[in-house]
Amino acid sequence: MESSILESIGQEIIGVMSPVSICMLLVVLLVYSLSSSNPFSSAPIRTAANLVYLENPSDSAGQKLEGALLNALVFVILIAIVTFVLVVLYYYNFTNFLKNYMRFSAFFVLGTMGGSIFLSIIQQFSIPIDSITCFLLLFNFTVVGVLSMFSGGMPIVLRQAYMVSLGIIVATWFTKLPEWTTWALLVALALYDLVAVLAPGGPLKLLVELASSRDEELPALVYEARPTLSRNEGNRRSNLGLLVGGVSDSRSVELQAVSNGNVHGDGSQNGRTAVEVRSLENVEGERNRDEGERSPLVVHSRERYSSDSNSSDYSTVIRTRESEIVVDEEMSPLVDMLGMDNEREQVRRDDTGNAVIASRGIKLGLGDFVFYSVLVGRAAMYDLMTVYACYLAIISGLGCTLILLSVCRRALPALPISITLGVIFYFLTRLLMEPFVVGTATNLMMF
C-alpha cells in the first residue's frame, strides 16, 4: 500500500519551479525596464554586501577580485552571526520576538524597497498618479502583504504571491551590487548554505532540528508548495475526531473518539462517540455480518489480515456510528485514519490550540528565490543568451535538488547545485558560446 514519493512529487516540483521561474522572469523584466531609471542607474550603493570594498571601474582585475572576495567573506560572516543569534533566540523560546522581527522585516522590505521600485516604475513609464493615491496603494500593498504572510485564514495563493513579490524586490536590489562582488557573493553563499544545512552544528541544521522536535513551523520566511490546512477538529466532517486510548491490565485496548470542540478546560468531555475495541477472537464471529454495510477500507484491511495472519497476533476494531475500521496494532491510528491517502501529513497544534494538518510538501526558503533571481538578473545585464543558459542551469539544479530531497527525506540546501551550474553556464556562454554564435551569425554561417 505504501507508494513511492517519486510517484507524486512531480506536481510538487512544478509547484516550486513555477514561482521560481516567475520570480526570475519578473526580475529580468525589472532590470531591463529600470536600467535607465533611478535609483538603479546611479552609482553602486553601500550595503552589507560591500562593506569592505566598493568596486570602481578604473580598478584592476586583481583589485576587483580581492575586494569581491573580502566583501563576500564579510557578508557570509554577518549572515552566520545573525543566523546563530536567531537559533539561540528560538532555542530559548523567544518565538514572539522572532515573529515580530519577521513582520517588521517584511513591512520594511515591502514599504521602503518595494516603494522605491514602485516610484522608479512610475518615473520610467510616466504613469499619471498623484502622491496621495500612490501612498495609499503602497500602504495597502504593504499591510495586506504582512497580514497574508503572517496571519491565518488568508488564501494560500495570496501568501505565495507575496512571498514571490518579496523575493522579487530583494533580488532587484541585489542586482545593484557590482559585478565582481555579485559573483563572489553567489559562490560564497552557495558554500555557506552547504555547510549550514549539512554540517553538524550548522545553524540552519540546528534550526530545522529544533523546529522538528517541537512540531512547529520554521521561524523563517519559507515558500510552501502546498497549503497548510488549519481547522478545528470539532467542526470536521469526520466522525473519528480525537482518539483517546488506554491499555488495561488484561491487554485490552480501549479507545474513545472525543470531539475537540467539546473538550473544556476543566477536562470535562461532552458529545462522546462510543468506540468499541475488541480482540480478533470476537471479530471473527461477526466477520460475515453486515457485509453490505462495510466500507471498502474494512474489507481490504480484513483481507490483508487474513493473508498475513502470522505477522500479528490480533488487530483492533474501531466501531463508530457510521463506519468500522480495522487498524493493525503496529500502526498509529491517528496517522492511519488522517493520512492514509497522504503520507506526508502531520497533525500539530497552533497557538490557539486548534488542530493543524501540516503538509510535508516541498518548502523553499525565500533566500533561494532571491539568489536564483540575482544570478539571472546579473546575466540579463550582459545578454539574453546568458539569461537563457542561466535559467536552464538553475531549473536543472533545482530539479536535481528536489529529487535528492525525495530520496534522502531530510532538509537539503537548495543553492549549491543551482548556483554552481548557473555560474558555470554563465561564463561558458559568455566566453565561448556567445562569441561563436555571434561570429557565425555575422558571417552568415548561421541565421
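Modeller: Leaving out residues up to four places away in sequence, Glu434 touches Tyr382, Asp383, Met385 and Thr429. Contact here means heavy atoms within 4.5 Å. This is a predicted model: local features need pLDDT of at least 70, side-chain atom pairs count only at pLDDT 80 or more, and totals for chains, interfaces and linings use all residues. Residues are numbered from 1 along each chain as its sequence is written, and side-chain values use heavy atoms, with hydrogens and water left out.

Glu434 sits in helix 13. Helices (H or I, at least four residues) and strands (E, at least two) are DSSP runs, numbered from the N terminus. The side chain of Glu434 makes a polar contact of 3.4 Å with that of Tyr382. A polar contact is a pair of N or O atoms within 3.5 Å; within protein, one must be able to donate a hydrogen and the other to accept it, and residues adjacent in sequence count only if both atoms are side-chain atoms.

Glu434 is buried but has no salt bridge. Buried means under 20% relative accessible area, exposed over 50%, and partly exposed in between (1.4 Å probe, protein chains only). A salt bridge needs a side-chain nitrogen of Lys or Arg within 4 Å of a carboxyl oxygen of Asp or Glu. For Glu434, the nearest side chain of opposite charge is Arg430, 7.1 Å away. Lys and Arg count as positive, Asp and Glu as negative; His and the chain ends are not counted.

Arg430 has a partner: Glu179, with the closest N and O atoms 2.8 Å apart. Glu179 is partly exposed at 26% relative accessibility. Arg430 is partly exposed too, at 24%.

The structure has 3 salt bridges by this rule. Another of them joins Lys363 and Glu217, at 2.9 Å between the closest N and O atoms. Lys363 is in strand 9 (residues 363–365), while Glu217 is in the loop between helix 7 and strand 1 (222–224), 146 residues apart. Lys363 is partly exposed at 35%, and Glu217 is partly exposed at 28%.

Glu209 and Lys205 also form a salt bridge, 3.5 Å from N to O. Both lie in helix 7 (residues 203–214), 4 residues apart, about one turn of the helix. Glu209 is partly exposed, with a relative accessible area of 42%.
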